[in-house]
Amino acid sequence: MATLINDAYYALLKQAVSGGDIEEALTESAELGRKFLRQETPPEEVTEIHHHALQRLAAENPDLRLVQVADRLTAPLMEIIMAYSLAFRQQLEAKYTNLMNARLAQTSRLEALGTLAAGIGHDFNTILGIINGYSEMLSDRLPDGSVEKQNAEQIIEASFRARDLIVRMLAFARQRETDPFMVDIVAIVKSALKMIQVSLPPGITVRFDTELTQVLMMADPSQIHQVVINLCMNAVDATQEWGVIDIRIRRLTETGKENSQGKRFCLEVEDSGCGMPPEVLEHVFDPFFTTKPPGKGSGLGLSVVYGIVSELQGDIDIQSRVGKGTTFSLSFPYEEQTGPSTACC
Amino acid sequence: MAHILVMEDDAQFRQMLVQMLQQDGHHVDATADGAEGMNLLRQTNPDLIVTDILMPNMDGVEAMLALSQEQRNIPIIAISGGRRSISSSFNLESAALLGARETLAKPFSRNDLRNAIERVLK
(Lines give C-alpha, C1' and ligand atoms only; values in the text may rest on other atoms or scores of the structure.)
Protein backbone atom coordinates (compact mmCIF):
# COMPACT_ATOMS: atom_id res chain seq x y z
CA MET A 1 0.00 0.00 0.00
CA ALA A 2 2.79 2.43 1.00
CA THR A 3 4.71 1.66 -2.24
CA LEU A 4 1.57 2.22 -4.33
CA ILE A 5 1.02 5.60 -2.70
CA ASN A 6 4.69 6.54 -3.14
CA ASP A 7 4.47 5.60 -6.84
CA ALA A 8 1.22 7.55 -7.24
CA TYR A 9 2.82 10.62 -5.65
CA TYR A 10 5.91 10.28 -7.83
CA ALA A 11 3.75 10.04 -10.98
CA LEU A 12 1.84 13.17 -9.98
CA LEU A 13 5.03 15.08 -9.24
CA LYS A 14 6.53 14.07 -12.55
CA GLN A 15 3.39 15.11 -14.40
CA ALA A 16 3.36 18.52 -12.68
CA VAL A 17 7.08 19.21 -13.20
CA SER A 18 7.36 17.97 -16.74
CA GLY A 19 4.92 20.47 -18.14
CA GLY A 20 1.65 18.57 -17.76
CA ASP A 21 -1.56 20.33 -16.78
CA ILE A 22 -0.90 21.59 -13.24
CA GLU A 23 -4.67 21.95 -12.54
CA GLU A 24 -5.26 18.34 -13.51
CA ALA A 25 -2.37 17.28 -11.27
CA LEU A 26 -3.90 19.23 -8.39
CA THR A 27 -7.27 17.51 -8.86
CA GLU A 28 -5.57 14.12 -8.78
CA SER A 29 -3.59 15.15 -5.73
CA ALA A 30 -6.90 15.74 -3.86
CA GLU A 31 -7.74 12.05 -4.33
CA LEU A 32 -4.27 11.12 -3.09
CA GLY A 33 -4.78 13.43 -0.08
CA ARG A 34 -7.99 11.58 0.82
CA LYS A 35 -6.03 8.31 0.71
CA PHE A 36 -3.44 9.80 3.10
CA LEU A 37 -6.23 10.88 5.44
CA ARG A 38 -7.86 7.45 5.40
CA GLN A 39 -4.49 6.00 6.39
CA GLU A 40 -4.03 8.72 9.00
CA THR A 41 -0.64 9.65 7.52
CA PRO A 42 0.85 12.53 9.52
CA PRO A 43 1.89 15.66 7.52
CA GLU A 44 5.58 15.01 8.38
CA GLU A 45 5.36 11.65 6.66
CA VAL A 46 3.76 13.25 3.59
CA THR A 47 6.70 15.67 3.46
CA GLU A 48 9.07 12.72 3.59
CA ILE A 49 7.23 11.02 0.70
CA HIS A 50 7.62 14.30 -1.23
CA HIS A 51 11.39 14.38 -0.60
CA HIS A 52 11.82 10.78 -1.73
CA ALA A 53 9.80 11.50 -4.87
CA LEU A 54 11.98 14.58 -5.59
CA GLN A 55 15.19 12.55 -5.15
CA ARG A 56 13.83 9.87 -7.48
CA LEU A 57 12.81 12.50 -10.01
CA ALA A 58 16.30 14.04 -9.89
CA ALA A 59 17.99 10.63 -10.21
CA GLU A 60 15.85 9.58 -13.16
CA ASN A 61 16.04 13.00 -14.88
CA PRO A 62 19.62 14.34 -14.45
CA ASP A 63 18.92 17.22 -16.85
CA LEU A 64 16.00 18.55 -14.89
CA ARG A 65 16.77 22.00 -13.55
CA LEU A 66 15.94 22.88 -9.95
CA VAL A 67 14.55 26.26 -10.96
CA GLN A 68 12.05 24.54 -13.26
CA VAL A 69 10.83 22.35 -10.40
CA ALA A 70 10.61 25.29 -8.01
CA ASP A 71 8.73 27.50 -10.52
CA ARG A 72 6.03 24.98 -11.09
CA LEU A 73 5.70 23.45 -7.64
CA THR A 74 6.40 25.91 -4.82
CA ALA A 75 3.08 27.77 -4.67
CA PRO A 76 0.69 24.83 -5.26
CA LEU A 77 2.72 22.61 -2.91
CA MET A 78 2.51 25.15 -0.09
CA GLU A 79 -1.27 25.30 -0.52
CA ILE A 80 -1.60 21.53 -0.62
CA ILE A 81 0.52 21.02 2.48
CA MET A 82 -1.44 23.64 4.41
CA ALA A 83 -4.79 22.17 3.32
CA TYR A 84 -3.60 18.69 4.20
CA SER A 85 -2.35 19.72 7.65
CA LEU A 86 -5.71 21.35 8.37
CA ALA A 87 -7.70 18.32 7.20
CA PHE A 88 -5.44 16.01 9.18
CA ARG A 89 -5.90 18.06 12.36
CA GLN A 90 -9.68 18.17 11.89
CA GLN A 91 -9.75 14.41 11.42
CA LEU A 92 -7.65 13.91 14.56
CA GLU A 93 -9.94 16.21 16.58
CA ALA A 94 -13.05 14.41 15.34
CA LYS A 95 -11.50 11.08 16.26
CA TYR A 96 -10.70 12.19 19.83
CA THR A 97 -14.11 13.83 20.25
CA ASN A 98 -15.75 10.53 19.29
CA LEU A 99 -13.48 8.65 21.67
CA MET A 100 -14.27 11.08 24.47
CA ASN A 101 -18.02 10.81 23.82
CA ALA A 102 -17.78 7.02 23.84
CA ARG A 103 -15.97 7.13 27.20
CA LEU A 104 -18.53 9.54 28.64
CA ALA A 105 -21.35 7.28 27.45
CA GLN A 106 -19.63 4.30 29.05
CA THR A 107 -19.19 6.17 32.34
CA SER A 108 -22.88 7.12 32.43
CA ARG A 109 -23.83 3.52 31.68
CA LEU A 110 -21.61 2.25 34.50
CA GLU A 111 -22.98 4.82 36.94
CA ALA A 112 -26.54 3.86 36.07
CA LEU A 113 -25.72 0.21 36.68
CA GLY A 114 -24.06 1.14 39.97
CA THR A 115 -27.18 2.96 41.14
CA LEU A 116 -29.28 -0.01 40.09
CA ALA A 117 -27.00 -2.38 42.03
CA ALA A 118 -27.28 -0.24 45.16
CA GLY A 119 -31.06 -0.11 44.75
CA ILE A 120 -31.64 -3.84 44.38
CA GLY A 121 -28.95 -4.88 46.90
CA HIS A 122 -31.24 -4.48 49.93
CA ASP A 123 -34.20 -6.38 48.47
CA PHE A 124 -31.98 -9.04 46.97
CA ASN A 125 -30.35 -9.78 50.34
CA THR A 126 -33.77 -10.10 51.95
CA ILE A 127 -34.79 -12.64 49.29
CA LEU A 128 -31.53 -14.52 49.85
CA GLY A 129 -32.26 -14.49 53.58
CA ILE A 130 -35.60 -16.22 52.91
CA ILE A 131 -33.98 -18.85 50.67
CA ASN A 132 -31.22 -19.42 53.20
CA GLY A 133 -33.51 -19.50 56.25
CA TYR A 134 -35.97 -22.03 54.85
CA SER A 135 -33.14 -24.18 53.49
CA GLU A 136 -31.50 -24.26 56.92
CA MET A 137 -34.77 -25.22 58.60
CA LEU A 138 -35.21 -27.94 55.99
CA SER A 139 -31.62 -29.11 56.41
CA ASP A 140 -31.98 -29.29 60.21
CA ARG A 141 -34.89 -31.76 59.83
CA LEU A 142 -33.15 -34.06 57.36
CA PRO A 143 -31.03 -37.04 58.44
CA ASP A 144 -27.29 -36.44 58.53
CA GLY A 145 -25.50 -37.81 55.45
CA SER A 146 -28.70 -38.06 53.36
CA VAL A 147 -28.68 -36.82 49.76
CA GLU A 148 -31.57 -34.50 50.64
CA LYS A 149 -29.55 -32.83 53.41
CA GLN A 150 -26.57 -32.43 51.07
CA ASN A 151 -28.88 -30.84 48.50
CA ALA A 152 -30.28 -28.40 51.06
CA GLU A 153 -26.73 -27.50 52.07
CA GLN A 154 -25.91 -26.78 48.43
CA ILE A 155 -28.79 -24.27 48.36
CA ILE A 156 -27.43 -22.62 51.51
CA GLU A 157 -23.93 -22.42 50.04
CA ALA A 158 -25.30 -20.94 46.81
CA SER A 159 -27.23 -18.28 48.71
CA PHE A 160 -24.03 -17.17 50.48
CA ARG A 161 -22.22 -17.07 47.13
CA ALA A 162 -24.99 -14.82 45.82
CA ARG A 163 -24.57 -12.62 48.93
CA ASP A 164 -20.84 -12.25 48.13
CA LEU A 165 -21.77 -11.26 44.59
CA ILE A 166 -24.03 -8.51 45.95
CA VAL A 167 -21.17 -7.28 48.15
CA ARG A 168 -18.99 -7.01 45.05
CA MET A 169 -21.76 -5.25 43.09
CA LEU A 170 -22.16 -2.77 45.92
CA ALA A 171 -18.42 -2.23 46.01
CA PHE A 172 -18.68 -1.30 42.36
CA ALA A 173 -21.62 0.97 43.12
CA ARG A 174 -19.35 2.77 45.61
CA GLN A 175 -21.81 2.08 48.38
CA ARG A 176 -19.47 -0.21 50.27
CA GLU A 177 -18.28 0.98 53.60
CA THR A 178 -14.76 2.29 53.23
CA ASP A 179 -12.37 3.34 55.89
CA PRO A 180 -9.66 5.46 54.23
CA PHE A 181 -6.46 6.39 56.03
CA MET A 182 -2.85 7.04 55.04
CA VAL A 183 -1.45 3.84 53.55
CA ASP A 184 1.75 2.84 51.77
CA ILE A 185 0.82 1.55 48.33
CA VAL A 186 4.20 -0.16 47.80
CA ALA A 187 3.72 -2.26 50.95
CA ILE A 188 0.11 -3.16 50.02
CA VAL A 189 1.13 -4.21 46.50
CA LYS A 190 3.92 -6.39 47.93
CA SER A 191 1.50 -8.02 50.36
CA ALA A 192 -1.10 -8.64 47.60
CA LEU A 193 1.62 -10.19 45.39
CA LYS A 194 2.59 -12.58 48.19
CA MET A 195 -1.01 -13.81 48.23
CA ILE A 196 -1.06 -14.20 44.45
CA GLN A 197 2.25 -16.13 44.37
CA VAL A 198 0.60 -18.95 46.34
CA SER A 199 -2.04 -19.68 43.70
CA LEU A 200 0.08 -18.97 40.63
CA PRO A 201 0.21 -21.64 37.87
CA PRO A 202 3.78 -23.01 37.55
CA GLY A 203 4.50 -21.49 34.10
CA ILE A 204 3.69 -17.91 35.10
CA THR A 205 6.26 -15.54 36.59
CA VAL A 206 5.27 -12.39 38.45
CA ARG A 207 7.85 -9.59 38.67
CA PHE A 208 7.63 -6.44 40.72
CA ASP A 209 9.58 -3.25 40.24
CA THR A 210 9.16 0.14 41.86
CA GLU A 211 10.79 3.52 41.27
CA LEU A 212 9.50 4.72 44.63
CA THR A 213 10.27 3.13 47.99
CA GLN A 214 7.12 4.51 49.57
CA VAL A 215 3.93 5.95 48.10
CA LEU A 216 1.54 7.45 50.61
CA MET A 217 -2.11 8.09 49.86
CA MET A 218 -5.48 8.12 51.60
CA ALA A 219 -7.20 4.83 50.82
CA ASP A 220 -8.85 1.81 52.32
CA PRO A 221 -6.04 -0.80 52.15
CA SER A 222 -8.50 -3.59 51.32
CA GLN A 223 -9.55 -1.63 48.21
CA ILE A 224 -5.97 -1.37 46.93
CA HIS A 225 -5.47 -5.04 47.74
CA GLN A 226 -8.56 -5.89 45.73
CA VAL A 227 -7.47 -3.77 42.75
CA VAL A 228 -4.06 -5.49 42.60
CA ILE A 229 -5.51 -8.97 43.03
CA ASN A 230 -8.29 -8.43 40.45
CA LEU A 231 -5.84 -7.06 37.86
CA CYS A 232 -3.30 -9.82 38.50
CA MET A 233 -5.89 -12.61 38.39
CA ASN A 234 -7.14 -11.16 35.12
CA ALA A 235 -3.54 -11.12 33.83
CA VAL A 236 -3.08 -14.74 34.94
CA ASP A 237 -6.25 -15.80 33.07
CA ALA A 238 -5.08 -13.90 29.95
CA THR A 239 -1.61 -15.45 30.13
CA GLN A 240 -3.01 -18.97 30.37
CA GLU A 241 -0.09 -21.42 30.82
CA TRP A 242 3.23 -19.61 30.19
CA GLY A 243 4.21 -16.02 30.50
CA VAL A 244 5.28 -13.06 32.57
CA ILE A 245 3.26 -10.55 34.55
CA ASP A 246 5.08 -7.30 35.36
CA ILE A 247 3.83 -5.05 38.12
CA ARG A 248 5.45 -1.63 38.22
CA ILE A 249 5.10 1.50 40.30
CA ARG A 250 6.36 4.60 38.52
CA ARG A 251 6.50 8.30 39.31
CA LEU A 252 4.56 10.31 36.72
CA THR A 253 6.56 13.31 35.64
CA GLU A 254 4.25 15.07 33.17
CA THR A 255 4.74 18.70 34.06
CA GLY A 256 1.21 19.76 33.12
CA LYS A 257 -0.38 17.10 35.27
CA GLU A 258 1.86 17.84 38.22
CA ASN A 259 1.00 21.50 38.08
CA SER A 260 -2.73 20.99 37.91
CA GLN A 261 -3.22 17.86 39.99
CA GLY A 262 -0.16 17.54 42.26
CA LYS A 263 2.16 14.54 42.28
CA ARG A 264 0.84 11.38 40.67
CA PHE A 265 2.14 7.86 40.47
CA CYS A 266 1.32 5.03 38.12
CA LEU A 267 0.63 1.41 39.01
CA GLU A 268 1.03 -0.81 35.97
CA VAL A 269 0.07 -4.44 35.49
CA GLU A 270 1.40 -5.81 32.21
CA ASP A 271 0.88 -9.32 30.94
CA SER A 272 2.28 -11.19 27.96
CA GLY A 273 -1.07 -12.88 27.40
CA CYS A 274 -3.61 -13.10 24.62
CA GLY A 275 -4.53 -9.38 24.50
CA MET A 276 -7.95 -7.96 23.69
CA PRO A 277 -9.51 -6.78 20.41
CA PRO A 278 -11.13 -3.29 20.40
CA GLU A 279 -14.68 -4.73 20.65
CA VAL A 280 -13.72 -6.44 23.96
CA LEU A 281 -11.78 -3.41 25.25
CA GLU A 282 -14.86 -1.24 24.77
CA HIS A 283 -16.84 -3.32 27.29
CA VAL A 284 -14.08 -4.39 29.63
CA PHE A 285 -15.43 -2.39 32.62
CA ASP A 286 -19.10 -3.27 32.06
CA PRO A 287 -20.46 -5.29 34.98
CA PHE A 288 -21.06 -8.96 34.09
CA PHE A 289 -19.09 -8.66 30.85
CA THR A 290 -16.69 -11.58 30.59
CA THR A 291 -14.91 -13.51 27.89
CA LYS A 292 -14.09 -16.34 30.29
CA PRO A 293 -15.93 -19.66 30.06
CA PRO A 294 -19.09 -20.05 32.20
CA GLY A 295 -18.23 -20.50 35.87
CA LYS A 296 -14.73 -19.03 35.44
CA GLY A 297 -15.55 -15.41 36.11
CA SER A 298 -18.41 -13.24 37.31
CA GLY A 299 -17.52 -10.35 34.99
CA LEU A 300 -17.29 -8.05 38.00
CA GLY A 301 -13.52 -8.01 38.63
CA LEU A 302 -12.67 -5.09 36.36
CA SER A 303 -15.93 -3.28 37.18
CA VAL A 304 -14.87 -3.33 40.81
CA VAL A 305 -11.42 -2.03 39.82
CA TYR A 306 -13.11 0.79 37.89
CA GLY A 307 -15.34 1.67 40.86
CA ILE A 308 -12.45 1.75 43.33
CA VAL A 309 -10.10 3.71 41.06
CA SER A 310 -12.80 6.33 40.37
CA GLU A 311 -13.49 6.62 44.10
CA LEU A 312 -9.80 7.28 44.72
CA GLN A 313 -9.77 9.97 41.99
CA GLY A 314 -7.55 7.82 39.81
CA ASP A 315 -7.43 7.26 36.05
CA ILE A 316 -7.20 4.00 34.12
CA ASP A 317 -5.58 3.50 30.75
CA ILE A 318 -5.45 0.20 28.89
CA GLN A 319 -3.08 -0.70 26.08
CA SER A 320 -3.78 -4.07 24.52
CA ARG A 321 -2.65 -5.92 21.40
CA VAL A 322 -4.12 -9.24 20.37
CA GLY A 323 -1.52 -11.96 20.77
CA LYS A 324 0.95 -9.60 22.49
CA GLY A 325 -0.58 -8.76 25.85
CA THR A 326 -2.28 -6.06 27.87
CA THR A 327 -1.11 -3.26 30.15
CA PHE A 328 -3.40 -1.65 32.71
CA SER A 329 -1.99 1.70 33.86
CA LEU A 330 -3.63 3.20 36.93
CA SER A 331 -2.60 6.69 38.02
CA PHE A 332 -3.39 8.30 41.37
CA PRO A 333 -2.45 11.41 43.29
CA TYR A 334 -0.03 10.70 46.14
CA GLU A 335 2.06 12.33 48.81
CA GLU A 336 5.77 12.05 49.38
CA GLN A 337 6.91 11.29 52.87
CA THR A 338 8.56 14.22 54.60
CA GLY A 339 8.77 12.92 58.19
CA PRO A 340 8.92 9.51 59.86
CA SER A 341 6.56 6.92 58.37
CA THR A 342 3.20 6.48 60.03
CA ALA A 343 1.62 4.67 57.13
CA CYS A 344 0.00 1.33 57.52
CA CYS A 345 -0.21 -1.54 55.06
CA MET B 1 -36.97 -19.51 76.19
CA ALA B 2 -37.82 -15.92 75.41
CA HIS B 3 -40.73 -13.81 74.26
CA ILE B 4 -39.57 -12.18 71.01
CA LEU B 5 -41.19 -9.45 68.90
CA VAL B 6 -40.26 -9.55 65.21
CA MET B 7 -40.75 -6.35 63.16
CA GLU B 8 -40.17 -7.04 59.46
CA ASP B 9 -42.06 -5.68 56.45
CA ASP B 10 -41.24 -8.51 54.04
CA ALA B 11 -44.01 -11.04 54.70
CA GLN B 12 -42.03 -14.07 53.57
CA PHE B 13 -38.93 -13.11 55.58
CA ARG B 14 -41.15 -12.39 58.62
CA GLN B 15 -42.85 -15.77 58.35
CA MET B 16 -39.46 -17.50 58.03
CA LEU B 17 -38.11 -15.74 61.13
CA VAL B 18 -41.22 -16.57 63.16
CA GLN B 19 -41.00 -20.23 62.18
CA MET B 20 -37.25 -20.37 62.88
CA LEU B 21 -37.62 -18.79 66.32
CA GLN B 22 -40.66 -20.92 67.23
CA GLN B 23 -38.74 -24.08 66.28
CA ASP B 24 -36.12 -23.01 68.83
CA GLY B 25 -38.87 -22.80 71.46
CA HIS B 26 -39.38 -19.03 71.63
CA HIS B 27 -42.77 -17.33 71.93
CA VAL B 28 -42.98 -15.03 68.92
CA ASP B 29 -45.16 -12.02 67.96
CA ALA B 30 -44.69 -10.40 64.58
CA THR B 31 -45.64 -7.10 62.93
CA ALA B 32 -45.03 -5.59 59.48
CA ASP B 33 -43.76 -2.19 60.65
CA GLY B 34 -42.47 -0.25 63.63
CA ALA B 35 -45.74 1.57 64.45
CA GLU B 36 -47.67 -1.69 64.72
CA GLY B 37 -44.77 -3.16 66.70
CA MET B 38 -44.74 -0.27 69.19
CA ASN B 39 -48.50 -0.71 69.80
CA LEU B 40 -48.04 -4.42 70.41
CA LEU B 41 -45.02 -4.19 72.68
CA ARG B 42 -46.80 -1.69 74.96
CA GLN B 43 -49.26 -4.51 75.69
CA THR B 44 -47.00 -7.55 75.68
CA ASN B 45 -43.60 -6.25 76.92
CA PRO B 46 -41.35 -8.77 75.07
CA ASP B 47 -37.90 -9.87 76.26
CA LEU B 48 -36.27 -9.06 72.92
CA ILE B 49 -37.03 -7.26 69.64
CA VAL B 50 -35.70 -8.41 66.28
CA THR B 51 -36.30 -5.53 63.89
CA ASP B 52 -35.64 -4.76 60.26
CA ILE B 53 -34.25 -1.27 59.63
CA LEU B 54 -35.95 -0.22 56.41
CA MET B 55 -39.75 -0.46 56.86
CA PRO B 56 -42.81 1.62 55.90
CA ASN B 57 -44.74 3.78 58.42
CA MET B 58 -42.19 3.62 61.21
CA ASP B 59 -38.76 2.20 60.38
CA GLY B 60 -36.46 0.34 62.77
CA VAL B 61 -34.42 3.42 63.68
CA GLU B 62 -37.56 5.46 64.45
CA ALA B 63 -38.91 2.60 66.55
CA MET B 64 -35.65 2.52 68.50
CA LEU B 65 -35.90 6.27 69.13
CA ALA B 66 -39.52 5.86 70.30
CA LEU B 67 -38.48 3.02 72.65
CA SER B 68 -35.76 5.19 74.10
CA GLN B 69 -38.22 8.09 74.64
CA GLU B 70 -40.60 5.75 76.44
CA GLN B 71 -37.62 4.55 78.49
CA ARG B 72 -38.30 0.93 77.60
CA ASN B 73 -35.12 -1.03 78.04
CA ILE B 74 -35.85 -3.92 75.68
CA PRO B 75 -32.74 -5.34 73.96
CA ILE B 76 -32.76 -5.08 70.18
CA ILE B 77 -31.25 -7.11 67.37
CA ALA B 78 -31.26 -5.01 64.18
CA ILE B 79 -31.30 -6.76 60.81
CA SER B 80 -30.93 -5.27 57.34
CA GLY B 81 -30.44 -6.21 53.71
CA GLY B 82 -27.66 -3.68 53.25
CA ARG B 83 -24.89 -2.69 55.63
CA ARG B 84 -25.18 0.76 54.15
CA SER B 85 -28.34 1.49 52.21
CA ILE B 86 -28.92 4.39 49.84
CA SER B 87 -30.21 6.60 52.63
CA SER B 88 -27.52 6.79 55.29
CA SER B 89 -30.09 7.06 58.09
CA PHE B 90 -31.28 3.53 57.45
CA ASN B 91 -28.28 1.40 58.18
CA LEU B 92 -26.97 -1.04 60.70
CA GLU B 93 -24.35 1.42 61.91
CA SER B 94 -27.06 3.91 62.94
CA ALA B 95 -28.91 1.09 64.69
CA ALA B 96 -25.75 0.16 66.60
CA LEU B 97 -25.19 3.81 67.54
CA LEU B 98 -28.75 4.02 68.83
CA GLY B 99 -28.14 1.07 71.10
CA ALA B 100 -28.97 -2.10 69.11
CA ARG B 101 -27.18 -4.85 71.02
CA GLU B 102 -26.51 -6.93 67.89
CA THR B 103 -26.67 -6.24 64.16
CA LEU B 104 -27.07 -8.90 61.45
CA ALA B 105 -26.72 -8.28 57.73
CA LYS B 106 -29.13 -10.34 55.60
CA PRO B 107 -28.73 -13.10 54.64
CA PHE B 108 -27.49 -14.47 57.94
CA SER B 109 -27.28 -18.08 59.06
CA ARG B 110 -29.55 -19.68 61.63
CA ASN B 111 -26.56 -20.03 63.92
CA ASP B 112 -25.71 -16.32 63.57
CA LEU B 113 -29.22 -15.53 64.80
CA ARG B 114 -29.09 -18.11 67.59
CA ASN B 115 -25.72 -16.81 68.79
CA ALA B 116 -26.90 -13.19 68.70
CA ILE B 117 -30.02 -14.04 70.75
CA GLU B 118 -27.92 -16.01 73.24
CA ARG B 119 -25.48 -13.11 73.70
CA VAL B 120 -28.29 -10.57 74.14
CA LEU B 121 -30.29 -12.63 76.63
CA LYS B 122 -27.25 -13.74 78.65
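Over which ring does the charged end of B:Lys106 sit?

## A charge over a ring

The charged end of B:Lys106 sits over the ring of B:Phe13, 4.4 Å from its centre. Sitting over a ring requires NZ of Lys or CZ of Arg within 6 Å of the ring centre and within 35 degrees of the ring normal.

## About the model

This is a predicted model, where local features need pLDDT of at least 70 and side-chain atom pairs pLDDT 80 or more, while totals for chains, interfaces and linings use all residues. Residues are numbered from 1 along each chain as its sequence is written, chains are lettered from A and ligands numbered from 1 in the order in which they are written, and side-chain values use heavy atoms, without hydrogens and water.

## Aromatic pairs

B:Phe13 also forms an edge-to-face aromatic pair with B:Phe108, at 6.1 Å centre to centre and 80° between the planes. Rings of Phe, Tyr and Trp (its six-membered ring) pair if their centres lie within 6.5 Å; planes under 30 degrees apart are stacked, over 60 edge-to-face and the rest tilted. B:Phe13 counts as buried at 1% relative accessibility, and B:Phe108 is buried at 6% (buried is under 20% relative accessible area, exposed over 50%, partly exposed in between, with a 1.4 Å probe and protein chains only).

In chain A, A:Phe36, A:Tyr84 and A:Phe88 form one aromatic cluster.
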